[in-house]
Amino acid sequence: MELVLRDSAGVLQSKPAMNYNRLTAAANPVALPINTINVPTASTWSHNVFFNKPIGTSDEAEFLRVRQAVVKSILDQEVANHQAFEIPSVYTEAEPSVVQQALDFFNGMFDLQQGQYRATLTVHVEQRDEPFSQSFSFTIFPHHINMLRSQTEDYKYGAGILPSRPSHPTKQVGVQLETVEGQVSS
């Protein structure tokens, strides 16, 4: 699976399917890598698929270094305040310099711009010469960008960095887009 985005200036971005959440009856979905998915004939497959720009080894190493620095800063302060392993009423904040490293990394990787986009989803199907393809259009508005960027305000608490620290419950983590369908080929 691949998602190709074309902005209004004609610039193309390819976002391969990197993983998907298998929807289960349990409260927490299971994240799985995308590889070959077997869907029996006359069956359906419906899960949340995440399309991401692949990152190189150096970017992944930097992400892991920044994440570890934030975690260490928070845990060091909790130990110093004798709060380790407790559920605090107020989360401990990481050191500002460490938070800035996380913000710098996010800003360097964030590549979504406001504007109109044309997206084409392509799914390669075994034993078919032509892949399934569907196109649709959508618009990213400034408030979408601001909402997505607002997630970084909670980096100081480890939200979005520590698995045990979810995003603030009053913040929306994803953007819901109104789409207009285009040509379909099967």
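**Group meeting: a predicted single-chain model**

At 57% relative accessibility, N35 counts as exposed; the term exposed denotes over 50% relative accessible area, buried under 20%, and partly exposed in between, with a 1.4 Å probe and protein chains only. This residue, N35, lies in the loop between β3 and β4. Its C-alpha atom is separated by 9.3 Å from that of M1, 34 residues apart along the chain.

Before I continue, a word on the basis of these values. The model is predicted, so to speak of local features requires a pLDDT of at least 70, side-chain atom pairs count only at pLDDT 80 or more, and totals for chains, interfaces and linings use all residues. Residues are numbered from 1 along each chain as its sequence is written, and side-chain values use heavy atoms, with hydrogens and water left out.

Confidence is expressed as pLDDT, the predictor's own score for each residue, from 0 to 100. The protein chain averages 80, and 78% of the residues score at least 70. Where is confidence lowest, and where is it highest? The lowest mean, 54, belongs to strand β7 (residues 180–185), and the highest, 94, to helix α2 (residues 96–109). Where pLDDT is low, the predicted coordinates should not be read in detail.

Turning to the overall architecture, the chain has 3 helices and 7 strands. Both are DSSP runs numbered from the N terminus: helices are H or I with at least four residues, strands E with at least two. From the N terminus on, the order of elements is β-β-β-β-α-α-β-β-α-β. Of the 186 residues, 24% count as buried. A contact here means heavy atoms within 4.5 Å; among contacts with a separation of 6 or more, 63% are between residues 24 or more positions apart.

Let us return to the loop between β3 (30–33) and β4 (48–51), where I34 is also found. Leaving aside residues up to four places away in sequence, I34 touches M1, A17, M18, N19, Y20 and V49. Between I34 and F50, 16 residues apart in sequence, the C-alpha to C-alpha distance is 9.2 Å.

Two further positions deserve mention. S8 is found in the loop between β1 (2–7) and β2 (12–22), and S8 is exposed, with a relative accessible area of 64%. S8 and Q114 are 106 residues apart in sequence, yet 10.0 Å apart in space, C-alpha to C-alpha. R118, in strand β5 (residues 115–123), counts as partly exposed at 32% relative accessibility. R118 and L12 are likewise 106 residues apart in sequence, with 9.5 Å between their C-alpha atoms.

Next, helix α3. Which residues of α3 (residues 142–149) are buried? They are H144, I145, M147 and L148. Seen down the helix axis, these buried residues fall within an arc of 165°, so they line one face of α3; the arc is taken from the directions from the axis to the C-beta atoms. That buried set packs against β6 (132–140), while on the other side of α3, H143 and N146 are exposed.

Finally, the second largest pocket has a volume of about 690 Å³. Of the 20 residues that line this pocket, the closest to its centre are I37, V39, V123, H124 and V125. A pocket is an open set of points on a 1 Å grid over the protein atoms alone, where a 1.4 Å probe fits, with protein on both sides within 12 Å along at least five of seven lines; lining residues have an atom within 4 Å of a point. The volume is the space filled by probe spheres set on the points, which are joined across faces, edges and corners. The lining divides into 10 nonpolar, 9 polar and 1 charged, where Ala, Val, Leu, Ile, Met, Phe, Trp, Tyr, Cys and Pro count as nonpolar, Asp, Glu, Lys and Arg as charged, and the others, Gly among them, as polar.
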